[in-house]
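Here is a short tour of one structure, told strand by strand. Have a look at it first, and then we can walk through the pairing and the surface together.

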Amino acid sequence: NLDNDILIISISLVYPFKEIINNQITELYSRFHQIIKTITDWRIAEKKIELLLVVGEFYIIKDLYKELAKIKDVICSIREIVLD
């Protein structure tokens, strides 16, 4: 059952640099802090780009991703990192 597997996932976000969006994302990061291993970010012009490395059970990662994707003007993508 995939829901109980521990996965390594990268999530990338691109969004306009606005305080309201930043506050919503920060609140989510604090709610899901137990699975977030690292966050790297860059500001390019008026956009912010963030890369998250998350490790955890699929259903928790899916919840984080769904919440991020709901935020207006946030474009996000998700990829599994497979270790052989």
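Let us begin with a residue pair: isoleucine 39 has leucine 52, in S3, as its bridge partner. Bear in mind as you read that this is a predicted model. Leucine 52 of S3 also has isoleucine 11 standing opposite.

Strand S1 (residues 6-16) and S3 run antiparallel and are joined by 11 bridges. Strand S2 (residues 36-44) pairs with strand S3 (residues 47-57), again in the antiparallel sense, over 8 bridges.

| Strand pair | Sense | Bridges |
|---|---|---|
| S1 and S3 | antiparallel | 11 bridges |
| S2 and S3 | antiparallel | 8 bridges |

Now follow S2 towards the turn. Arginine 43 has lysine 48 of S3 as its bridge partner. The hairpin of S2 and S3 has 2 residues between the strands, and alanine 45 takes a positive phi near 55 degrees there.

What does arginine 43 lie over? Arginine 43 sits over the face of phenylalanine 17, at 3.6 Å from the ring centre.

Terms used: Residues are numbered from 1 along each chain as its sequence is written. This is a predicted model: local features need pLDDT of at least 70, side-chain atom pairs count only at pLDDT 80 or more; totals for chains, interfaces and linings use all residues. Side-chain values use heavy atoms; hydrogens and water are left out. Two strands pair if DSSP finds at least two bridges between them. Helices (H or I, at least four residues) and strands (E, at least two) are DSSP runs, numbered from the N terminus. A charge sits over a ring if NZ of Lys or CZ of Arg is within 6 Å of the ring centre and within 35 degrees of the ring normal.
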